[in-house]
Amino acid sequence: MNSPNVEIISDCFINPKFVSEAAKKPFYFSPWDLLMLTTNYIQTGLLFRLPENQDFSITTFLDDLKESLSTTLTHFHPLSARLATVKHENPPSLTVFLNPENSPGARFIHSAVNLTVDDILMPTDVPLVVQSFFDHHQAVNNDGHELSLLSVKVTKLVDAIFIGCSINHMLVDGTSYWHFINSWSEMFKSKGQNSHLTHISRLPILDRWIPTGSDPIVNLPFSHEDEYINRPNRPMLRERIFHFSSGSLAKLKAKANSECNTTKISSLQSLSALVWRCVTRARRVPADQETDCMMAINNRSRISPPLPENYFGNVNIR
C-alpha cells in the first residue's frame, strides 16, 4: 500500500506543572538502568476510534492531553529531563546521569495522515507508515543526551486517533512504562470532574535501588561512548501482528501439558514455545543446533526484600 506521508502540524515541549526541589537535582541510575544504554526506546501505540454521533474537537482533545501530561510529569519528573555525561581521567571512566537543567521538557507532537483504521489494521503486514507514528523510531537510549526521554506523537487519522509514546528504556521497564501511561490516563479522565486535581492513585517511587554495599553512583569503565554504543544496520523486515483467542490458548495449553505429562505449563509458556518453534523453523536452524529464547520478567517481587510494585525504573531479568 502506498501510504501518504504523516504531516507534522505542531511540535512543542511539556514540563511538569509543579517542580519540587528534588526534581531539580541530578538523578543517578542503577546498574539495571545502565544496562539499557545501548538498547532502543520503549515504544507503544494506542489507537482510538473517534466517537460516533458526538462532536469531537481535536484542539480541545490536545489541550486536555497536554494539561494532564504536565500534571502527571509532576510525579514522573525524570521523564522531562535529558541525559548528561561526566568524563573522568584517572582512571578513565564515564558517569551517565539525568540532568533536569539541560532539557526543554518532554516532546509533544501533533500530526495527521489521510488513512483510516482499516488501512492500518486490515493489511496482512503492519504498514510501514506506522513507524512514522513514533518520534524516536530506532533511536538508542544513549541518544537521550540530545533527544527527549519522553516523546508523545498524536496522529489524527480520518476516523481515529493514534497516540504513539516513546520512552527512554533507561528510565523504565515495561511495568514502569504502563504505570506512567495509566497514571496519565487517570489524570486525563479526572479533569472533567476536578480541574485542580494533581494526585494520582499510585505514586511512583523514584529512588533508585542499589545493591547493598555498592556505590550509589556507578562509573562506566570507558573513555568514550563509542566503546559501548552499538548501532546495528538491521535489514528491512516485515512486521505482522498475530491474535490468539482465549479458546485457542486453552487448547494449546492443554496439548502442551498432555504431551509433557504435567499440569504446570502455563498459557504464556505454551504460547512462547509455539512461537519460538515457528521462528526456529523459519530460520532453518539445523536440527542438532541448540537455540535460546529469552524473555524479560518483572523482578520486583523476587528481590529479598522485595521492591514495591510502584518502583519506577528497570527491575527486569532475562
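Three strands line up as an open sheet in the order β2-β5-β4, with antiparallel pairing. The strands at the edges are β2 and β4, each of which pairs on one side only. Here, strands (E, at least two residues) and helices (H or I, at least four) are DSSP runs, numbered from the N terminus, and two strands pair if DSSP finds at least two bridges between them.

Before going on, a word about where this comes from. This is a predicted model, in which local features need pLDDT of at least 70, side-chain atom pairs count only at pLDDT 80 or more, and totals for chains, interfaces and linings use all residues. Residues are numbered from 1 along each chain as its sequence is written, and side-chain values use heavy atoms, leaving out hydrogens and water.

## The sheet around β5

Let's take the two pairings in turn. Strand β2 (residues 27-28) meets β5 in the antiparallel sense over two bridges, and F27 stands opposite L98 in β5. Strand β4 (residues 82-88) also runs antiparallel to β5, over seven bridges. Within that pairing, H88 has S93 of β5 as its bridge partner, while R82 stands opposite N99. A hairpin of four residues joins β4 to β5.

Is β5 mostly covered or mostly open? It is mostly covered, since seven of its seven residues are buried. Buried means under 20% relative accessible area, exposed means over 50%, and partly exposed is in between (1.4 Å probe, protein chains only). In a regular strand the side chains alternate between the two faces of the sheet. You can follow this in β5: S93, T95, F97 and N99 point one way, L94, V96 and L98 point the other way, and all are buried.

## The nonpolar cores

Which residues touch the most other members of the largest nonpolar core? Among its 46 residues, they are L69, L79, L150, V152, V154 and F180. The elements giving two or more residues to this core are α2 (58-75), β5 (93-99), β6 (106-112), β7 (150-156), β8 (160-167) and α4 (174-190). A nonpolar core is a set of buried Ala, Val, Leu, Ile, Met, Phe, Trp, Tyr and Cys residues joined through side-chain atoms within 4.5 Å.

Leaving aside residues up to four places away in sequence, L69 touches I14, F108, L150, V152, F180 and W184, where contact means heavy atoms within 4.5 Å. Apart from this core lies another one, of 12 residues, including V6, I120, V129 and F133.

## Salt bridges

Side chains of opposite charge can pair when their charged atoms come close. A search of the whole structure finds 10 salt bridges; a salt bridge is a side-chain nitrogen of Lys or Arg within 4 Å of a carboxyl oxygen of Asp or Glu. Three of them are listed here.

| Salt bridge | N to O distance |
|---|---|
| E67 and K17 | 2.2 Å |
| R240 and D125 | 3.0 Å |
| R300 and D173 | 2.9 Å |

The E67 and K17 side chains meet in a salt bridge that links distant parts of the chain: E67 is in helix α2 and K17 in the loop between β1 (7-14) and β2, 50 residues apart. E67 is partly exposed because its relative accessible area is 30%, and K17 is partly exposed at 31%.

The R240 and D125 side chains also meet in a salt bridge. R240 lies in the loop between α4 and α5 and D125 in the loop between α3 (117-121) and β7, so the pair ties together parts that are 115 residues apart in sequence. R240 is partly exposed at 38% relative accessible area, and D125 is partly exposed at 22%.

Now for R300 and D173, whose side chains meet in a salt bridge too. R300 sits in the loop between β9 (297-298) and β10 (316-317) and D173 in the loop between β8 and α4, so the pair ties together parts that are 127 residues apart in sequence. R300 counts as buried because its relative accessibility is 0%, and D173 counts as buried at 0%. Elsewhere, salt bridges that share partners join D11, R107 and D135 into one network.

## Out at the surface

G213 is in the loop between α4 and α5 (246-259). Why does G213 count as exposed? Because its relative accessibility is 82%. The C-alpha atoms of G213 and L65 are separated by 43 Å, and the two residues are 148 residues apart along the chain.
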